[in-house]
Amino acid sequence: MIKQVVLVCLILSTACFNIFLATIIFVTTSFATTNNHPLENIVFSQDPASLQRGAMIYYDVCRICHSMKYIRYKTLQEIGLSNKQIDTLRGDKPENSTPEKTTSDHMLSTLYGQVPPDLSLMAKARKHGPQYIYTLLTSYTENEGKYENPVFPGIKMPDAMNIAVAINESSKEEIKNQAKDVTEFLLWASDPRASIRKKIGLYVIIYFSILSILLYFVMKRVWSRLDNVES
Ligand code: HEC
């Protein structure tokens, strides 16, 4: 009888642990509409090629107005950029420097009434950050010569990716891919250690699964000896 109870407890605890992990994975990867903005349900893969393209788009486009003060150039090695590529991006700035915006704060506040925020932690700072950023970048439209963002009405940021003036559907798709790449990059930048943590998490799941199986056999052995003693 005790044997069965222990067996059931062991199976139940393993099942509960796995349900717990599955719930965490589901909650952290699910997304929804938030902040009254209908967000695009895009899934982000953190694929290295996409991260590298995204870094370049940040560097060429977003950096005109946005700094990334928590990302050092040399950290870009982690997404697969070579030292040579990083040195080219860094230019004559010191080894430990971080990307600074190329327009002065004074000019930006004159043009937009405020200094645009730093982008290092933006993907974490907004609810459903990556979907928020992607939607923001891709929702600009042109209406009788006026550019607006119907999903984020009143936003002071101009149409940085020029999606409102895309000449046809295929160039619009191309811009959407670029918006996804730069968002992938901002998602990585907001937590550069995330992929290492996920890998460790996977090893922990495998470790616990093997441990559960081994414990099951150990328990069977121990109880079989006790059964023999009883009889
Ligand atoms: C020409 C200047 C300019 C460029 C280029 C630019 N931005 Fe912005 N951005 C702004 C300004 C101004 C704001 C502040 C908008 C506001 O609060 O109304 C802003 C705000 C933002 C925000 C925060 C929105 C919020 O919820 O507060 C995000 C995210 C953002 N930009 C992403 C980007 C990305 C990604 C790029 C590159 C693809 C980019 N921006 C390029 C000017 C710019």
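In the protein chain of this predicted model, residues 24 or more positions apart account for 74% of the contacts with a separation of 6 or more. Followed from the N terminus, the elements run α-α-α-α-α-α-β-β-α-α. Of the 231 residues, 21% are buried.

**First selection: helix H7**

Please select residues 169-190, which form helix H7. Does the distance between its ends agree or disagree with the expected span? The 22 residues should span 32 Å at 1.5 Å a residue, and the end C-alpha atoms lie 31 Å apart, so the two agree.

Next, colour the buried residues of H7, among them Ile-175 and the run from Ala-179 through Asp-181, Val-182 and Thr-183 to Ala-189. The charged side chains Lys-180, Asp-181 and Glu-184 also belong to this buried group.

Which residues touch the most other members of the largest nonpolar core? Among its 32 residues, they are Ala-55, Ile-133, Val-182, Phe-185 and Leu-186. H2, H5, H6 and H7 are the elements that each give two or more residues to this core. H7 supplies the largest share, with 8 residues.

Centre the view on Val-182. Setting aside residues up to four places away in sequence, Val-182 touches Gly-54, Ile-57, Tyr-58 and Cys-62.

Finally, select Gln-46 in the loop between helix H1 (2-29) and H2. Although Gln-46 is not a glycine, it has a positive phi of about 60 degrees. Gln-46 counts as partly exposed because it has 14 C-beta neighbours inside 10 Å.

Then move to His-128, in the loop between H5 and H6. His-128 is likewise not a glycine, and its phi is positive, at about 50 degrees. Is His-128 buried or partly exposed? With 19 C-beta neighbours inside 10 Å, His-128 counts as partly exposed, since a buried residue needs 20 or more.

Conventions: Residues are numbered from 1 along each chain as its sequence is written. This is a predicted model: local features need pLDDT of at least 70, side-chain atom pairs count only at pLDDT 80 or more; totals for chains, interfaces and linings use all residues. Helices (H or I, at least four residues) and strands (E, at least two) are DSSP runs, numbered from the N terminus. The expected span of a helix is 1.5 Å times one less than its number of residues. A residue is buried if 20 or more other C-beta atoms lie within 10 Å of its own, exposed if 12 or fewer, and partly exposed in between; C-beta atoms are placed from the backbone. A nonpolar core is a set of buried Ala, Val, Leu, Ile, Met, Phe, Trp, Tyr and Cys residues joined through C-beta atoms within 7 Å. Two residues are in contact if their C-beta atoms, placed from the backbone, lie within 7 Å.
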